[in-house]
Amino acid sequence: MKKYLLKCRLLLIPSILGVALFYVLPYVRVIYYSLIENQFSRKFVGLKNYEKVIQNEYFRLALKNSVLLIVIAVPVLVVTAFLLSLLLLKMKGYWKLLRIAFIFPMLVPTASVVVVWRTLFDASESVWPVYLLFIYKNIGLLIILLSAAFSTLSSEVYEAARLDGAHGFTLHRKITLPLISPTLLFTVLIGVVYSFKVFRESYLYFGTSYPPDHSYTLQYYMNNHFYKLNYQNLASGAVITSLIVAVIVVVGVRLQKKFSI
Amino acid sequence: MKEKKATQRKHVIVLALSMLVVFLAGCGGKKEKDRAESVHVPEDTLLGYTYSEVYTPYQLSSCDVKVEIVQPDSWDFMVTKLLAGDSDYDFMVLSTDSSLAKDIMRTGAYYALNDIPEVAGLLERYHDYIKEAATAENGEFWMIPCGVNVPFVLCREDLCEEYGLDFTDMTYLEFMEQVDALPKNGVHTFFTPYGLMTEDILNKFEQVYGYENMGEQDKELLRSYMEKIRAYDVPFNEGKWWLLSSEERPNQMSDESLKNIVFELERSDNMTLSSSLDFFRVDGFRAMKLPDLERGVVCPMKAKVDFIVINPKSAKLELTLQYVSQLCEKLQKDTTNAFRYMSQGEDFSNNVLREDLYRLISEGEVYSTYPYDVVGEELMAYREGKLEFDTMLEEIKRNIEMYRKE
């Protein structure tokens with residue numbers, strides 16, 4: 001067994017090296033940059049950059065908008081994907097082909113979707129067109145993941161639950177949700193990660209680095225500081241963003257553990 | 001049991017191999033474009049990056065030290081190079097009108113050149129406002145100015161008189177009216193590059209009035225100019241030759257053709273780029289400042305300075321500094337474009353046009369503009385009729401506030 005484990009670890013070395021080299025090291029470097037005055041003088045300034053960033057009104061606006069996106073758009077995305085997956089599960093015959101329809105938004109280039117979106121909605125006053133765009137672009141992937149999870153559920157468990165008197169919503173709350181909770185957590189995390197990537201859609205939609213206040217997210221803040229050569233604000237913003245994601249992941253994992261069977 | 005173990009082993013091997021493939025694919029995933037942008041030069045050659053061909057008139061490559069100047073495909077590439085503190089390039093050639101210039105100075109992304117006597121010597125030969133622009137707040141020389149570029153009106157006094165044109169003490173609105181009224185069937189030509197004119201009008205408005213706290217009067221002034229710009233319906237960067245004759249303007253200008261030009265709106269860097277535009281060849285040309293926006297509000301000539309900034313992390317810093325010394329010495333001695341390099345004390349009395357240009361440049365002021373995303377997008381949207389004037393102004397004000405405070 002020991003030999004077997006050793007073999008496994010040896011074989012995992014290349015991918016661990018890859019992750020360390022391309023993810024961990026750059027992240028450590030970003031933390032380092034967030035603690036120095038600038039990349040040329042390299043004077044250590046402690047948490048001063050964080051202080052500056054947190055006190056900045058536009059960072060706070062960006063943070064608020066990013067959090068709102070996670071709090072509003074991600075749950076809407078996951079719940080809609082969940083309900084649609086359940087609905088698709090019940091589809092028979094040719095109706096099953098409907099699943100393919102939800103994959104189409106993933107295949108269509110974002111720029112083309114944005115052109116259509118711009119003719120359909122005016123996002124100057126409301127942030128909902130951006131939220132809708134985010135949901136439209138990502139719902140396909142979540143439906144695929146959830147449908148795959150549903151297909152693994154054993155009908156015997158449901159039959160047993162029905163015999164015990166569980167029906168309708170209780171059946172899903174007591175059986176479906178706990179059984180697919182790992183997949184559900186994964187879809188939530190994907191939703192959160194993708195919500196940070198909504199910058200691309202938003203940037204194409206507004207075509208400027210200075211969108212309306214409601215759509216100014218953390219990525220805009222970081223992108224604009226990139227062009228201002230302000231690596232310190234960029235790095236501090238990135239670290240804060242990653243901490244937010246980390247907190248969401250930890251909370252998600254704990255909740256999943258709590259609710260899984 | 002044995003079978004299960006073998007299957008498990010197979011699974012682990014497949015998993016590990018697929019991870020290795022993904023890892024290697026990631027390592028080897030460099031695109032053709034990336035390869036093209038990763039320039040490798042020999043050990044004895046310096047590498048400089050620029051975003052436009054501004055360096056061509058400055059003979060940057062003609063020193064003893066070999067240099068290769070590359071224009072990358074994207075602006076992002078240069079920003080990334082600066083931010084990453086890469087050591088594989090030695091200098092950048094930029095212009096002060098770009099917001100990047102200000103950011104380089106602010107973030108200290110330069111090698112201070114105070115210890116190189118030739119740099120100090122060259123700066124001494126420029127006008128004070130250029131020396132000031134080349135000096136950071138801490139007193140460090142952060143860039144080497146290569147050329148000063150100002151827009152101006154170039155005209156032949158005799159022909160202007162013939163057509164009743166007087167460019168002294170004129171506003172742009174009056175200037176445009178006069179240009180519109182010129183006959184188009186004579187034997188002479190004139191050139192109004194609307195792009196240059198638009199740029200100058202907007203620069204002047206930005207520097208003298210500003211978008212942020214403008215009063216009603218300033219707003220009306222901008223509105224009248226913006227409406228005029230929109231009425232011309234040409235992209236910001238385009239110019240237009242107007243022929244007063246039925247003949248096409250020849251590409252190669254003979255002395256006779258040059259004498260037929262009533263006036264042109266020009267930039268000092270265009271003056272010697274091509275022999276076809278060598279206005280010094282013939283007598284009778286004068287240069288004068290571009291019109292102001294309104295009477296009584298005089299605006300300095302907006303000077304754009306093309307400059308070199310040295311990479312503080314350059315792996316060939318010693319060779320680069322050697323090059324800097326040589327280049328500064330060369331620029332100081334260069335008399336072919338004396339009006340450009342502004343060798344103070346130069347005798348211009350033999351040519352009235354050179355004298356005019358010298359005077360115009362000496363009255364200049366270095367300017368920098370907001371990035372295109374802050375102001376340009378909205379101005380363009382208004383010009384294309386996509387935004388109302390008041391909405392455009394509100395958007396610009398908001399963008400400026402955001403740009404400054406974020």
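**Notes on a predicted two-chain model**

1. Let's start where the two chains meet: 25 residues of chain B are in contact with 25 residues of chain A. Keep in mind as you read that this is a predicted model. On the chain B side, the elements that give two or more residues are helix 1 (2-27), helix 3 (75-84), helix 4 (99-107) and helix 16 (389-405) of chain B. Helix 1 of chain B gives the most, with seven residues. Sorted by class, the side of chain B that touches chain A has 15 nonpolar, five polar and five charged residues.

2. Now chain A by itself. You'll find 11 helices and zero strands here, so the pattern read along the sequence is simply α-α-α-α-α-α-α-α-α-α-α. Taken along the principal axes, the C-alpha atoms of chain A fill a box of roughly 70 × 60 × 30 Å. Of the 261 residues in chain A, 28% are buried. Among the chain A contacts with a separation of 6 or more, 74% involve residues 24 or more positions apart.

3. How confident is the predictor about chain A, going by the average pLDDT? The average for chain A is 89, and 99% of the residues score at least 70. Element by element, helix 2 (residues 48-55) of chain A has the highest mean pLDDT, 95. At the other end, helix 4 (residues 98-107) of chain A has the lowest, 83.

4. Two loop residues in chain A are worth a look for their backbone angles. A:R42 isn't a glycine, yet its phi is positive, near 55°. You'll find A:R42 in the loop between helix 1 (2-34) and helix 2 of chain A. A:L229 is the other one: not a glycine either, with a positive phi of about 60°. The place of A:L229 is the loop between helix 10 (218-227) and helix 11 (231-259) of chain A.

5. A:S209 is a handy residue for tying the chains together. A:S209 lies in the loop between helix 9 (199-206) and helix 10 of chain A, and it counts as buried because it has 22 C-beta neighbours inside 10 Å. What does A:S209 touch, leaving aside neighbours within four places in sequence? The contacts are A:Y220, A:N223 and A:N224, plus B:D373 from chain B. For a sense of distance, A:S209 and A:V113 are 96 residues apart in sequence and 20 Å apart in space, C-alpha to C-alpha.

6. Over to chain B, which has 16 helices and 11 strands. Of the 406 residues of chain B, 34% count as buried. Looking at chain B contacts between residues at least 6 apart in sequence, 79% join residues at least 24 apart.

7. Why call strand 3 of chain B largely enclosed by the rest of the structure? Because four of its five residues are buried. Strand 3 of chain B pairs with strand 1 (residues 45-50) of chain B in the parallel sense, over three bridges, and B:Y49 stands opposite B:M92 in strand 3 of chain B. Strand 3 of chain B also pairs with strand 10 of chain B, this time in the antiparallel sense over five bridges. There, B:L94 has B:F307 in strand 10 of chain B as its bridge partner.

8. Last, the nonpolar cores. The largest has 104 residues, and the members that touch the most others are B:I104, B:I144, B:I308, B:V309 and B:V324. Strand 10 (residues 301-310) of chain B supplies the largest share of this core, seven residues. Domain 1 (39-149 + 304-355) and domain 2 (152-302) of chain B each give at least three residues to this core. Zooming in on B:V324, and not counting residues up to four places away in sequence, the residues touched are B:L113, B:I116, B:V119, B:I144 and B:I310. A second, separate core has 28 residues, among them A:V74, A:A123, A:V127 and A:L133.

How values were computed. Residues numbered from 1 in each chain as written. Chains lettered and ligands numbered in written order. Predicted model: local features only at pLDDT ≥ 70, side-chain atom pairs only at ≥ 80, totals over all residues. Core = buried A, V, L, I, M, F, W, Y, C linked by C-beta atoms within 7 Å. Buried ≥ 20, exposed ≤ 12 C-beta atoms within 10 Å, placed from the backbone. Domains from an automatic or database assignment. Contact = placed C-beta atoms within 7 Å. Nonpolar A, V, L, I, M, F, W, Y, C, P; charged D, E, K, R; others polar. pLDDT = per-residue confidence, 0-100. Pairing = 2+ DSSP bridges.
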